Amino acid sequence: MAGTGEDPGRPGPPAVPSPAAAPPPAAPGPEAVALPPARPLDAIDRDILRILQTDGRASIRSVAERVHVSRANAYARINRLVEDGVIRGFGARVDHERAGQGASAYITLKIVQNSWRTVREQLQALPGATHIALVSGDFDVLLLVHTPDNRALRELVLTRIQSIPEVLSTRTLLVFEETDLGPRPDHPAELA
């Protein structure tokens, strides 16, 4: 989060590092730290989450003012949400096409039974992989990838993914257009 914008001579709660400076959240794996049991979220927690999802760069002061609590309270609540694993990290929503990743696709995979952890590790290492989900239905895994062009996408699917021994079959669904529906201020019911 950005600085508080307060007079540097005035004491206040310690600054929370900006999202840009925060390290990306660690991928879940066997070495992941066990999280404490989930605590119920109250209306203020949900409001804080909504604000940070809309603007991850909001200052502690701004968040506190918008949810009508002290800066110290807002700071403590955000830290608790991070420690509890509710907030997994801070990041930027990217326009992949403008960032040079003009080809996007959802790839469905059928995999060998009980090979999810092995396959997940290999998929996480793929360039352009942005979302991986174990799902139910006609296939086992749904993978979202962004590549510079269709040639790179073809290479990724035919050479990298289909060479994973536990992958039985794939199906590629090209994305013609996408819209990020992240939380928006005009949808107050989210996180309720």
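Helices here are DSSP runs of H or I with at least four residues, strands are DSSP runs of E with at least two, and both are numbered from the N terminus. What you have above is a predicted model, where local features need pLDDT of at least 70, side-chain atom pairs count only at pLDDT 80 or more, and totals for chains, interfaces and linings use all residues. Residues are numbered from 1 along each chain as its sequence is written, and side-chain values use heavy atoms, with hydrogens and water left out.

**The overall layout**

- The protein chain has five helices and four strands.
- Out of 192 residues, 29% count as buried (under 20% relative accessible area; exposed is over 50%, partly exposed lies in between, with a 1.4 Å probe and protein chains only).
- Take the contacts (heavy atoms within 4.5 Å) between residues at least 6 apart in sequence: 69% of them join residues at least 24 apart.

**The sheet**

- The four strands make an open sheet, ordered β2-β3-β1-β4, with antiparallel pairing (two strands pair if DSSP finds at least two bridges between them).
- β2 (129–134) and β4 (167–175) sit at the edges with a single partner strand each, so one side of each has no neighbour in the sheet.
- On average, neighbouring strands are turned by 20° against each other, direction ignored.
- Five bridges hold the antiparallel pair of β2 and β3 (residues 141–147), and alanine 133 has leucine 142 in β3 as its bridge partner.
- β1 is joined to β3 by seven bridges, running antiparallel; here alanine 105 stands opposite valine 145 of β3.
- β1 is joined to β4 by eight bridges, again antiparallel, and leucine 109 stands opposite threonine 170 of β4.
- Why is β1 described as largely enclosed by the rest of the structure? Because seven of its nine residues are buried.

**Helices on the sheet**

- Axes are lines fitted to C-alpha atoms, for helices over the stretch in contact, and angles between N-to-C directions run from 0 to 180 degrees.
- Helix α5 (residues 150–161) lies across β1, β3 and β4, and runs at about 170° to β4.

**Where α1 meets α2**

- Two packed helices are described by the angle between their axes and the distance between the axes.
- For helix α1 (residues 43–54) and helix α2 (residues 60–67), the axes come within 10 Å and cross at roughly 135°.
- The two helices are therefore oblique to each other (under 35 degrees is roughly parallel, over 145 roughly antiparallel, 65 to 115 roughly perpendicular, and the rest oblique).
- Which residues make the contact? From α1 they are Ile44, Asp47, Ile48, Ile51 and Leu52, and from α2 they are Val63, Arg66 and Val67.
- Those residues divide into six nonpolar, no polar and two charged (Ala, Val, Leu, Ile, Met, Phe, Trp, Tyr, Cys and Pro count as nonpolar, Asp, Glu, Lys and Arg as charged, and the others, Gly among them, as polar).

**A look at glutamine 101**

- You'll find glutamine 101 in the loop between α3 (71–83) and β1.
- Is glutamine 101 buried or partly exposed? Glutamine 101 has 24% relative accessibility, so this residue counts as partly exposed.
- Leaving out residues up to four places away in sequence, glutamine 101 touches His96, His146, Thr147 and Pro148.
- Glutamine 101 and valine 145 are 44 residues apart along the chain, and their C-alpha atoms are separated by 9.3 Å.
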